[in-house]
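Work through the exercises below with the model open beside you. Try each task before reading its solution.

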Amino acid sequence: AERDALDQNTASTKLDYYLSDNWTFSSLSSGTWSNYDSLLDFDQTVTLEREAVRKHKQDLLSQEFRFTYEGERLLTYFGLYYAKHSNDIDDRVNLNLGGIEDPALVSQGDIVIRNQAIFGEVNWEFIDNWTWITGLRLDHEKNNTKFQYVDPLGLATVESADENNSFTELLPKVGLSHRLNQNHLIGLTWQKGYRGGGVDLSTSTAHRTYDPEYTSTYELAWRGSWLANRLNTNLNIYHTDWKDQQVEIADELGVATVANAAESRMKGLELSADYLVNSAFTVFTGASYNHTRYLD
């Protein structure tokens with residue numbers, strides 16, 4: 001029988017310390033611990049017993065320190081971020097070929113990703129009801145991927161792998177918002193995003209590295225308040241251009257590998273509303289639509 005199980009626990013805590021009427025110091029800590037266990041019966045018979053057994057243990061720890069200043073016309077924050085993601089992999093393939101000792105392939109990996117960032121944002125009401133938004137994030141990521149194989153049949157491309165990658169990106173954000181009246185606000189923002197590169201984990205490849213992928217997102221937002229602030233509504237319309245996208249392709253030998261080989265466009269909208277029925281009961285509803293297509 002096949003199985004596929006994930007046991008995951010998450011904890012987070014936030015501490016706010018009010019330094020003065022205008023300044024606040026915040027600490028945000030979180031951790032996620034997960035164990036993944038699966039059995040893949042890839043021949044789907046009761047006689048051959050050809051199977052793959054996978055055991056993965058993942059930990060993700062993060063810490064953020066943030067200073068916030070809130071004045072009459074200025075809201076700004078800046079801070080530091082650090083995260084560590086570790087993944088221990090133990091995959092075994094049993095073929096039951098007769099005369100071949102199982103497991104026919106053992107793949108043991110250790111992946112450690114460290115992410116560090118300095119970030120900040122300024123919201124400045126430069127004239128009445130008009131606010132300029134600007135932000136910047138300097139992000140640095142290091143990826144270390146190690147694999148070792150026990151491979152009597154020569155199924156793996158390499159006997160071992162030890163790859164080190166690092167990425168540094170500067171991610172800007174700009175925007176403008178306008179308060180139409182006391183209860184309604186509209187805003188337009190643009191920001192750059194990215195996801196770090198990595199290492200192809202497929203056994204059939206030489207664990208090739210790939211580069212980061214990038215997004216450029218325009219977002220139009222509206223915030224509304226009704227019925228003496230008991231009903232609040234939110235609408236976001238966004239358009240994202242996605243380049244150097246990490247996708248799985250077939251190389252010249254027909255082997256699937258991850259590469260920066262695509263461009264996409266994503267657009268959609270998100271609508272939500274919450275209504276305060278009374279001091280103890282709030283009703284919330286939301287809907288979204290998303291359309292994504294490959295351009296190349």
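This is a predicted model, where local features need pLDDT of at least 70, side-chain atom pairs count only at pLDDT 80 or more, and totals for chains, interfaces and linings use all residues. Residues are numbered from 1 along each chain as its sequence is written, and side-chain values use heavy atoms, with hydrogens and water left out.

**Exercise 1. In what order do the strands of the open sheet run, and which are the edge strands?**

Step 1. Strands (E, at least two residues) are DSSP runs, numbered from the N terminus. Two strands pair if DSSP finds at least two bridges between them.

Step 2. Trace the order. The open sheet has twelve strands, S1-S2-S3-S4-S5-S6-S7-S8-S11-S12-S13-S14, with antiparallel pairing.

Step 3. Find the edges. Strand S1 (3–18) and strand S14 (281–294) each pair on one side only.

Step 4. From one strand to the next it averages 10°. Axes are lines fitted to C-alpha atoms, and angles run from 0 to 180 degrees between N-to-C directions.

**Exercise 2. Over how many bridges do S3 and S4 pair, and what joins them?**

Step 1. Count. Strand S3 (residues 51–70) pairs with strand S4 (residues 74–94) over 20 bridges, antiparallel.

Step 2. Find the link. A hairpin of three residues leads from S3 to S4.

Step 3. Check one position. Phe65 is opposite Leu80 of S4.

Step 4. Move to the next pair. S4 and S5 are antiparallel too, over 20 bridges. Here Tyr77 has Glu121 in S5 as its bridge partner.

**Exercise 3. Is Asn87 buried or exposed?**

Step 1. Asn87 sits in strand S4.

Step 2. Apply the cut-offs. Buried means under 20% relative accessible area, exposed over 50%, partly exposed in between (1.4 Å probe, protein chains only).

Step 3. Decide. Asn87 counts as buried because its relative accessibility is 10%.

Step 4. List contacts (heavy atoms within 4.5 Å). Leaving out residues up to four places away in sequence, Asn87 touches His56, Lys57, Gln58, Gly109, Asp110 and Ile111.

**Exercise 4. Where does Trp130 lie, and how does its accessibility class follow?**

Step 1. Locate the residue. Trp130 belongs to strand S6.

Step 2. Classify. Trp130 has 31% relative accessibility, so it counts as partly exposed.

**Exercise 5. Over how many bridges do S7 and S8 pair?**

Step 1. Count. S7 and strand S8 (residues 184–195) pair over eight bridges, in the antiparallel sense.

Step 2. Check one position. Gly175 has Thr189 in S8 as its bridge partner.

Notes:
Helix = DSSP H or I, 4+ residues; strand = E, 2+ residues; numbered from the N terminus.
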